[in-house]
Amino acid sequence: MSELTPKEVVAKLDEHIIGQHDAKRAAAIALRNRWRWKQLPEEMRKEVTPKNMMMIGPTGVGKTEICRRLARLTGSPLIKVEASKYTEVGYYGRDVESMVRDLVEAAIQIVKATKRDEVLPKAKQRVEERILDLLVPTESTWSQEEDPEAEARHQRTREKFREMLAAKELETREIDISIEQRQAPMQIFSNMGVEQMDTNLQNMFEKIMPKQHSHRKVTVEEARGLLLEQEVEGLMDPDAIHAEAIELSEETGMIFIDEIDKIAGGAEGSKSSDVSRQGVQRDLLPIVEGTTVQTRYGNVKTDHMLFIAAGAFHRSRPSDLMPELQGRFPIRVELHDLTQEDFLKILTEPASSLTQQYVSLLETEGVTVEFEKEGLQSLAEIAFQLNQSSQNIGARRLHTVLEHLLEEVSFEAPDLKGQAIKIDANYVNQKLASVMKSEDMSKFIL
Ligand SMILES: Nc1ncnc2c1ncn2[C@@H]1O[C@H](COP(=O)(O)OP(=O)(O)OP(=O)(O)O)[C@@H](O)[C@H]1O
């Protein structure tokens, strides 16, 4: 996992996230602690309990974003779950162990993506051969005695076609390909959640379901795409991928548990909901402490996964959580409301910032969008004010405001080819002022 020092981690996070310095430090420490733990002698390791992190702060200020960046930086699988979506074991709904299963699925995607890159050249080669087989089929009636030249002639034709294929001269030629499909077991047990099905049973069904082949007439160009996926799949060893994904989850997995405050037993609320919240906390405890969860790919140990709990804690406090659970999240950090200044920076500073994203998107249409300083200042101001006057949704407000600002350009772009659009204060006010005037409208649109 990460051999990055905490300082290096913070520097990397700084490239994407504005402010929230304490949270970045805390995240860097939590990550480094995992690395330190691995360096310990076996005996000592057993004694050291992993330290998880709790992020306290309002919505849309960068809690998830910090973790997402951290995960990407280290190639770790990450999933974000909402604590309030779980129900106690034994009750109808999702039990907390399913978060570990979801993590393994995320890890499989990561491992598959890496393996895909590895097998891609070979898969492409195989696709070319398969297309050649279809374009220049071997004739089964040949007999060496009747026509000893046949094989050599066939090879020559094949080579000629290979050259034409490479030169993309046969792209529109139609061929008949067979596509493999395995019927999903869910279709049979439609009224039974697959999750509720025993994991072994699920695997068994997948293995015994017959593969179905369907034939389709497609162009060479289309066939290339369709066959590539088949060949890539064929070259990957699912068992090895699953084993690697489990290892990746166990050693570097990150689980972001949002809305943890919603399962903290607050002072108010009915007795029965308090009981179920505590039930979820009780179920969560062993997972955070370290346990083994059964998944369809094998057992997964949660001992060294990094758990990040997050919540706004408007109505409850971290001390309303079960003491044991509190103790498992010793790295506490508060995230702050973003200021107008922060908004301005978020718009422009991060690598592939929001404005840069729009510039690049519209560039594909041949439209040049230029944001002027005053325009950006107005945008930040408007977004900030909207957060004050209606609901405070943090930096997410910038997304809705920008989208509305550029709605017309977005729509007209194909007809604006070659033009430059200047986004100055005037443009911003003109586009957003009317919406801002009506409180109702701004609530729906911005
Ligand atoms: N400090 C920041 N710097 C840069 N971008 C930010 C910052 N805070 C939030 N954003 C942007 O705003 C969006 C929402 O942020 P994020 O997902 O981190 O919210 P959050 O704090 O986790 O809230 P919630 O708990 O509601 O999910 C993201 O797209 C992110 O890019």
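Lys 63 lies in helix α4, where helices (H or I, at least four residues) and strands (E, at least two) are DSSP runs numbered from the N terminus. The model is predicted: local features need pLDDT of at least 70 and side-chain atom pairs count only at pLDDT 80 or more, whereas totals for chains, interfaces and linings use all residues. Residues are numbered from 1 along each chain as its sequence is written, and side-chain values use heavy atoms, with hydrogens and water left out.

Lys 63 counts as buried because its relative accessibility is 8%; buried means under 20% relative accessible area, exposed over 50%, and partly exposed in between (1.4 Å probe, protein chains only). Not counting residues up to four places away in sequence, Lys 63 touches Met 55, Gly 57, Pro 58, Phe 256, Ala 310, Gly 311 and Leu 335, contact being defined as heavy atoms within 4.5 Å. In the UniProt record, an unreviewed entry, the feature "binding site" is placed at Ile 18, Gly 60, Val 61, Gly 62, Lys 63, Thr 64, Glu 65, Asp 258, Glu 324 and Arg 396. These positions are spread over 379 residues of sequence and also in space, up to 34.0 Å between C-alpha atoms. UniProt positions are given in the numbering used here, feature names are shortened, and annotations may be inferred rather than shown by experiment. Glu 324, in helix α11 (residues 323-327), counts as partly exposed, because its relative accessibility is 43%.

Met 55 is among the residues with the most contacts inside the largest nonpolar core, which has 59 residues; the others listed are Phe 371, Leu 379, Leu 402, Leu 405 and Ile 423. Domain 1 (6-106 + 250-334) and domain 3 (340-445) both give residues to this core, so the core lies between them. A nonpolar core is a set of buried Ala, Val, Leu, Ile, Met, Phe, Trp, Tyr and Cys residues joined through side-chain atoms within 4.5 Å, and the domain bounds come from an automatic or database domain assignment. Leaving aside neighbours within four places in sequence, the contacts of Met 55 include Ala 23, Ile 66, Cys 67, Ile 308 and Val 333. The UniProt record (unreviewed entry) lists residues 338-434 as "domain: Clp ATPase C-terminal". This span is 64% helix and 8% strand, with its end C-alpha atoms 25 Å apart.

Helix α9 (residues 238-252) has 15 residues and reaches 20 Å from its first C-alpha to its last, close to the 21 Å expected at 1.5 Å a residue; the expected span is 1.5 Å times one less than the number of residues. At the start of α9, the backbone nitrogen of Asp 239 has a side-chain oxygen of Asp 237 within 3.1 Å. Ile 241, Ala 245, Ile 246, Ser 249 and Thr 252 are the buried residues of α9, and their cover includes α5 (98-135), β5 (254-258) and β7 (298-301).

Ser 76, in the loop between α4 (63-74) and β2 (78-82), counts as buried because its relative accessibility is 5%. The side chains of Ser 76 and Thr 74 are joined by a polar contact of 2.6 Å. A polar contact is a pair of N or O atoms within 3.5 Å; within protein, one must be able to donate a hydrogen and the other to accept it, and residues adjacent in sequence count only if both atoms are side-chain atoms. A polar atom of the Ser 76 side chain also lies 3.4 Å from the backbone oxygen of Thr 252.
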